[in-house]
Amino acid sequence: MSEENTKKMNFCQRVITSIKDFDKYQIFAVEKLGVAIKYLVILVIIFSLIGAITFTIKFANYINGGIKYFEENINEVSYKDGSLSINFRRRNDFY
């Protein structure tokens, strides 16, 4: 492939080519440094977004689990005169 064909390659084609066709790595080796950096930056952004979304979902599930535990097991929370008191539900309260 000539340099003109590498410029016509869109991002998805470049990803598929870089994963699937090891013989075509010579195409990427001869391109300009700016093109390679741009490709790398886009890949980093995509993987960062995937990681951030995954972390956010896991964190939200963790927080929701804590809220659910609090609602099911804590009867009353009060703060008076610098003292925090927590009253847990007894097992008999659940039935």
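**Aromatic pairs and overall fold of a predicted model**

Q: What does the secondary structure of the protein come to?
A: The protein has 4 helices and 2 strands, where helices (H or I, at least four residues) and strands (E, at least two) are DSSP runs numbered from the N terminus. This is a predicted model, in which local features need pLDDT of at least 70, side-chain atom pairs count only at pLDDT 80 or more, and totals for chains, interfaces and linings use all residues. Residues are numbered from 1 along each chain as its sequence is written, and side-chain values use heavy atoms, with hydrogens and water left out.

Q: Which pattern does the protein follow along the sequence?
A: The pattern is α-α-α-α-β-β.

Q: How many aromatic pairs are there?
A: The count comes to 2 aromatic pairs. Rings of Phe, Tyr and Trp (its six-membered ring) pair if their centres lie within 6.5 Å; planes under 30 degrees apart count as stacked, over 60 as edge-to-face and the rest as tilted. One of the pairs is Phe11 with Tyr39: the ring centres are 5.6 Å apart and the planes stand at 50°, so this pair is tilted.

Q: Which parts does that pair tie together?
A: Phe11 belongs to helix 2 (residues 11-20) and Tyr39 to helix 4 (residues 33-73), so the pair links parts that are 28 residues apart in sequence.

Q: And Phe55 with Phe59, why does that pair count as stacked?
A: Their ring centres are 6.0 Å apart and their planes are at 20°, so the pair is stacked. Both residues lie in helix 4, 4 residues apart, about one turn of the helix.

Q: Tyr39 again: buried or exposed?
A: Tyr39 is buried, at a relative accessible area of 15%. Buried means under 20% relative accessible area, exposed over 50%, and partly exposed in between (1.4 Å probe, protein chains only).

Q: What lies over the face of Tyr39?
A: Arg14 does, at 4.9 Å from the ring centre. A charge sits over a ring if NZ of Lys or CZ of Arg is within 6 Å of the ring centre and within 35 degrees of the ring normal.

Q: Changing topic, where is Asp81?
A: Asp81 is in the loop between strand 1 (74-80) and strand 2 (83-88). Asp81 has a positive phi of about 55°, although it is not a glycine, and counts as exposed at 76% relative accessibility.

Q: How much of the whole protein is buried?
A: Of its 95 residues, 14% count as buried.
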